[in-house]
Amino acid sequence: MGRKILFITTDQQRFDTIGINGGIYSRTPVVDQLAREGIRYTRAQPASVVCMPSRSSMLTGQFPSKHGAWMNGVPLRVDAPSVAAALHDEGYKTSIIGKAHFEPFLDVFGKFTENSLSSLGVPTVEQPWYDGRRGVHRGFDHLEMATHGAAGMLHYARWLTENHPEMLGAFYQVLDGELNVNAAGGGDTDAPQVKHNAIPKEWYHTDWVADRTIAWLNSLEADNDWFCWMSFPDPHHPWDPPQSEISRVNWRDVDLPAGYEPNRAKREAILDDKARHWRMWYDGTLVSNYEAPAKWVPATLTEDQIREVNALNAVEVELIDEAIGRVLSAVEARGWGDDVDIIFTTDHGEFQGDFGLLFKGPYHVDALMRLPLIWRPAKSSGVNPAVVDTPVSLVSLASTFLAVAGVAQPEWAEEPALPISNEDAHSRNLDATITEWDSALFGVDIHVRSVLTEEWLYTRYAAGYAHDGTEGELYSLTDDPLQRNNRFGDPSLKGVREELQARLDAHENRPGVGEHDGVLVAPV
Amino acid sequence: MATIRYERRIKASPDTVWGVVRQPASIPEWFPGITSCDMDGKLRTIHLANGLSMPENIIVSDDIARRFAYSIVSPLYRSHLGTIDVIEIGPQDSLCVYSTTAEPDVLALVIGGGTYAALDEIQRIAEEREGK
């Protein structure tokens with residue numbers, strides 16, 4: 001018997017929403033305890049700040065420029081490398097329960113497996129694998145899917161339709177009548193993507209994901225090795241947790257975030273100091289990507305709306321923590337407690353009011369890029385608790401899972417396993433991470449590359465709709481933790497820029513870049 | 001208004017490629033996800049695997065220009081135009097261009113995205129026919 005792996009992801013969760021990371025509104029005792037017993041990373045970065053590319057990077061161990069799912073709506077090719085397939089080869093039982101999103105959701109022609117599995121009534125299907133063989137879909141023996149609400153054709157929507165159809169209309173309507181991300185307001189402050197949801201907590205997708213995970217774990221034999229990706233759709237918008245729970249955090253008691261500048265003139269001056277698409281989005285003159293409501297203008301965001309969004313977000317984070325606690329109890333009850341590695345993270349962050357913005361887009365700052373990441377190695381592994389401050393990438397997760405299973409980093413995985421301490425990181429020269437963004441939607445294209453070191457965050461924009469290829473941003477993480485002072489044009493930092501640019505150039509010039517670029521076939 | 005365009009180079013004569021798509025009633029054969037269609041004069045109603053149906057006006061099927069054009073008339077759309085052009089590159093070498101222009105913008109991609117898979121099928125069928 002080897003070490004089992006419980007991989008827990010949330011969606012669109014900021015670093016500072018976890019108690020042990022300094023969060024003050026959501027109580028997260030379960031995740032905090034995992035952090036105390038294991039390794040807490042304080043500078044974990046995604047490969048992309050939107051779902052499909054970032055999740056695909058976790059699965060493939062590759063950056064989007066290599067796995068090819070370069071923006072939401074571009075499906076990850078079905079025969080892309082997969083850590084689940086590699087673990088399957090090692091004899092692991094494999095599952096993903098909750099939000100996968102390697103394939104588009106908006107799929108009226110029913111082309112994609114994730115969307116069709118529920119109606120097919122089978123746990124998986126056979127597909128081509130990356131090495132020419134055929135096997136279970138992306139290496140998963142079992143897939144049960146959910147997303148942000150009750151719409152669509154995934155398992156959770158079907159379950160709710162069959163069992164509690166009266167609750168289908170209780171959720172916020174994520175898309176409007178034109179299939180744009182809905183800008184309609186709700187709650188107490190008329191904030192976008194907010195609604196008081198009448199659904200009981202027990203039927204909400206957070207509890208459903210935990211319930212289905214427990215059911216799958218209980219279907220296994222005691223001596224099975226297993227890899228379970230438990231993937232909660234929250235705290236991604238819409239912010240519509242069960243109404244019965246929202247009194248946990250009174251939005252009127254929530255402070256404005258440190259990243260929000262209350263003085264409008266100063267706030268807009270901060271935006272003007274960045275690349276020009278920041279201010280264009282804020283003013284409502286640019287829609288660069290599908291993920292934020294196209295008809296919502298960030299400049300209209302009020303302070304009370306920020307408070308309410310952050311309060312509801314905190315409620316959703318608490319519900320996830322409690323759901324994780326239930327799953328861990330089930331793991332203990334099966335007698336696996338000492339032999340399970342637990343990794344907790346998310347796919348990208350959320351503005352939540354920083355810079356006067358909500359949602360996400362081609363904006364490489366901590367709000368979207370600094371993520372919670374906790375690895376609680378199996379107690380039987382003897383790994384010591386640690387806090388790792390050096391930058392690490394979620395691209396390392398695939399190699400990490402394989403290392404847990406005793407498998408060396410495969411040729412297709414672009415990053416090595418996560419370090420278990422700062423000393424380990426330094427000894428392996430793990431000192432920087434890269435984040436990519438590419439989008440091209442209805443004539444608007446944006447191309448961004450960032451490199452993060454312990455001291456600097458450096459971003460370059462390639463020529464596109466809003467940029468001429470000369471723009472960039474450079475922030476000192478020690479002097480400017482809120483990334484308000486763009487020093488890209490500071491002549492005294494010429495050497496720093498050149499060194500960081502060389503790192504980006506090396507990343508862009510690595511073999512295989514662009515060879516598998518997919519095609520945009522859906523909005524998301 | 002937004003537009004989506006996909007192109008495919010096909011190793012088949014333009015007449016063979018055009019022969020795949022020129023008949024309005026042939027669409028279930030080469031558009032994945034469309035299970036059947038009904039024809040009523042110039043009106044074509046397509047039926048999808050998920051149970052949805054969409055009425056379309058056939059605007060033109062021009063054997064000389066090798067251009068097919070149609071328009072979805074669902075109330076979801078303020079406007080829609082789908083076109084398929086088959087262009088001769090060489091004797092057994094064609095370019096098939098499938099375009100979708102629509103308003104609201106997102107619907108151009110929701111429907112237009114399906115045309116990429118349709119090109120896969122058009123290519124497969126045309127190259128198979130040419131092979132025979």
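**Exercise 1. Work out what share of the 132 residues in chain B is buried, and judge whether the overall size of the chain fits a globule.**

Step 1. Start with burial: in this predicted model, 32% of the 132 residues in chain B are buried. Here a residue is called buried if 20 or more other C-beta atoms lie within 10 Å of its own.

Step 2. Now turn to size. The C-alpha trace of chain B spans about 40 × 30 × 25 Å along its principal axes.

Step 3. Compare with the expectation. A compact globule of 132 residues would have a radius of gyration near 14 Å, and chain B has 14 Å, so the two agree.

Step 4. Look at the contacts as well. Of the contacts in chain B with a separation of 6 or more, 48% are between residues 24 or more positions apart.

**Exercise 2. List the secondary structure elements of chain B in order.**

Step 1. Count by type: chain B holds three helices and seven strands.

Step 2. Read from the N terminus, which gives β-α-α-β-β-β-β-β-β-α.

**Exercise 3. Describe how helix 1 and helix 10 of chain A pack.**

Step 1. Recall what is needed: two packed helices are described by the angle between their axes and the distance between the axes.

Step 2. The axes of helix 1 (residues 29–37) and helix 10 (residues 303–333) of chain A cross at roughly 65° and come within 7 Å.

Step 3. Find the residues. Helix 1 of chain A contributes A:P29, A:V30 and A:V31, while helix 10 of chain A contributes A:D321, A:I324, A:G325 and A:L328.

Step 4. Sort them by class: this contact has five nonpolar, one polar and one charged residues.

**Exercise 4. Characterise the contact between chain A and chain B.**

Step 1. Count the residues: 13 come from chain A and 17 from chain B.

Step 2. Classify the chain A side, where nine nonpolar, two polar and two charged residues touch chain B.

How values were computed
Residues are numbered from 1 along each chain as its sequence is written. Chains are lettered from A and ligands numbered from 1 in the order in which they are written. This is a predicted model: local features need pLDDT of at least 70, side-chain atom pairs count only at pLDDT 80 or more; totals for chains, interfaces and linings use all residues. Two residues are in contact if their C-beta atoms, placed from the backbone, lie within 7 Å. Ala, Val, Leu, Ile, Met, Phe, Trp, Tyr, Cys and Pro count as nonpolar, Asp, Glu, Lys and Arg as charged, and the others, Gly among them, as polar. Axes are lines fitted to C-alpha atoms, for helices over the stretch in contact, and angles run from 0 to 180 degrees between N-to-C directions. Helices (H or I, at least four residues) and strands (E, at least two) are DSSP runs, numbered from the N terminus. The radius of gyration is taken over C-alpha atoms; the globule rule is 2.2 Å times the number of residues to the power 0.38. A residue is buried if 20 or more other C-beta atoms lie within 10 Å of its own, exposed if 12 or fewer, and partly exposed in between; C-beta atoms are placed from the backbone.
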